[in-house]
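Please have the sequence and the model open while reading.

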Amino acid sequence: MAERIAIDGGWIVAFDGTHHRILEKGVVVVEGDSIVHVGRTYGGKVDRRIDASRDLVIPGLINAHVHIGSQAGDRMVLDGGRRDLFRSGFLNHWPSKGVKGPNLFAFEDLDASLRFSLASLLRFGSTTVVEMGGEFGDDPMCTAKLAAELGIRVDTTPGVGSANHYYDQAGRLHRQWDEPAGEAALDRAIAFASEHDGDFDGLVRTILVPYEFWTSTPDLLRRAKKAARDLKVPITLHVAESVIEFQDTVLQTGRTPVGQLAHLDFLGPEIVLGHCLYTGGHSQTAYPYRDDLALIAESGATVAHCPVVFARRGVKLESFQRYLDAGINVAIGTDSYPQDIIQELQGGMLAGKLADGDHEAARARDFFNAATLGGAKALGRDDLGRIAPGAKADLVIVDFDRLRVGPFLDPIKALIQCGTGEIVRHVMVNGRMRVENGAVLAWDERELLARVRRSADGA
């Protein structure tokens with residue numbers, strides 16, 4: 001018989017079938033991998049009780065856009081970078097040195113960087129993560145195996161692309177196209193998704209990942225979308241991520257990146273658009289025509305918003321509220337270091353208010369919804385991102401008995417405005433405790449930190 005666990009919470013973010021509601025001094029009962037009861041009291045027999053009477057109990061957070069790995073090149077870059085890249089971040093460190101040459105990540109300890117990133121994600125409250133098709137080495141199951149060992153949900157598949165970015169000897173940026181390699185990569189991704197969806201007691205799910213709109217041919221995108229529908233899995237890619245990509249697409253096709261995806265009949269409810277910053281009407285595009293958001297909303301596609309990594313480059317979404325008001329489903333991702341989704345919610349909320357110059361915009365509850373219900377919708381999961389009977393027992397218990405939390409009226413506002421992932425106390429995934437009293441149970445955090453620092457020093 002599965003163990004029955006009762007969690008007595010000070011504040012529980014419970015789901016009423018439509019919305020999250022705050023249940024003060026309630027109880028959540030877990031049996032096996034599922035939630036079986038949510039209410040003010042529970043009179044049934046339990047095997048164990050967890051005292052969370054001074055804590056906030058929230059659904060496991062869904063991280064809809066992650067590059068699992070230490071991303072040393074990303075986080076070690078100073079407050080600078082190439083000015084000819086128009087504030088793009090990844091183009092400073094992702095392109096290779098010459099065609100098929102090494103990039104910064106080629107020098108890292110792959111196992112150390114993957115473990116460090118996964119442990120950070122879980123420790124700071126992400127229980128489900130969408131991996132963007134990267135850093136697998138020679139083993140496409142590497143990330144899946146490590147995620148299962150740690151006990152975190154991961155949606156993953158080896159990534160696909162028709163081209164790679166590289167710098168020539170003069171330092172000029174190019175794309176090197178290899179369409180047959182892109183088609184072969186898609187074959188491998190389809191085979192992986194067919195074989196491994198649902199592995200490791202359901203912790204591993206699959207999602208097709210064309211790396212970028214900008215490095216994918218129309219034929220590759222069409223075939224990837226058909227495969228995703230046949231396999232009944234989502235599909236995600238980077239799109240409208242840089243000014244250069246936006247301007248190049250308009251010059252080459254006469255359409256914006258989003259407009260070109262719509263033209264290719266690529267958009268749809270199974271599509272998760274990574275970043276999608278530079279849409280028509282963005283102040284940096286010199287393109288005032290605002291059709292893009294309506295195209296996304298009408299298709300049912302999701303935008304995975306990663307505010308902090310772009311804020312570091314002086315870039316913001318224009319704006320979170322505008323996307324919501326257009327009817328777009330928005331999810332949240334951390335993209336890269338430090339993989340703290342609670343910090344991401346805070347950064348996004350502040351950037352959203354600044355973008356609109358409106359304190360009523362970009363509300364905390366809307367960001368919380370994006371990191372729970374929005375992410376679940378993006379992945380086609382009605383059993384994640386909520387605390388309700390029948391949902392998976394993915395729970396995060398946040399220590400609210402902290403000086404930094406202080407007094408509050410709204411616990412969600414307090415979490416996002418005052419908190420970081422450091423105040424996460426326990427994390428449960430699939431009914432099993434994976435972080436306890438602020439410590440990752442599967443791995444030694446000090447050892448992980450030492451290994452990844454050695455790796456970064458070597459890079």
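## Terms and model

Helices (H or I, at least four residues) and strands (E, at least two) are DSSP runs, and they are numbered from the N terminus. The structure discussed here is a predicted model.

Ala286, which is not a glycine, has a positive phi of about 55 degrees, and its place is in the loop that runs between strand E13 (271–275) and helix H8 (292–299). Because exposed means over 50% relative accessible area, Ala286, at 73% relative accessibility, counts as exposed.

Asp201 is another residue other than glycine with a positive phi, here near 60 degrees, and Asp201 lies in the loop between helix H4 (179–196) and strand E11 (204–205). With a relative accessibility of 64%, Asp201 therefore counts as exposed.

## Cis peptide bonds

The bond joining Glu318 and Ser319 is a cis peptide bond, for which omega is about -10 degrees. Ser319 is placed in the loop between helix H9 (307–311) and helix H10 (320–325).

A cis peptide bond also leads from Tyr337 to Pro338, in this case with omega near 10 degrees. Pro338 is found in the loop that lies between strand E15 (329–332) and helix H11 (341–356).

Definitions and conventions:
Residues numbered from 1 in each chain as written. Predicted model: local features only at pLDDT ≥ 70, side-chain atom pairs only at ≥ 80, totals over all residues. Heavy atoms only, no water. Buried < 20%, exposed > 50% of the residue type's maximum accessible area, 1.4 Å probe, protein only.
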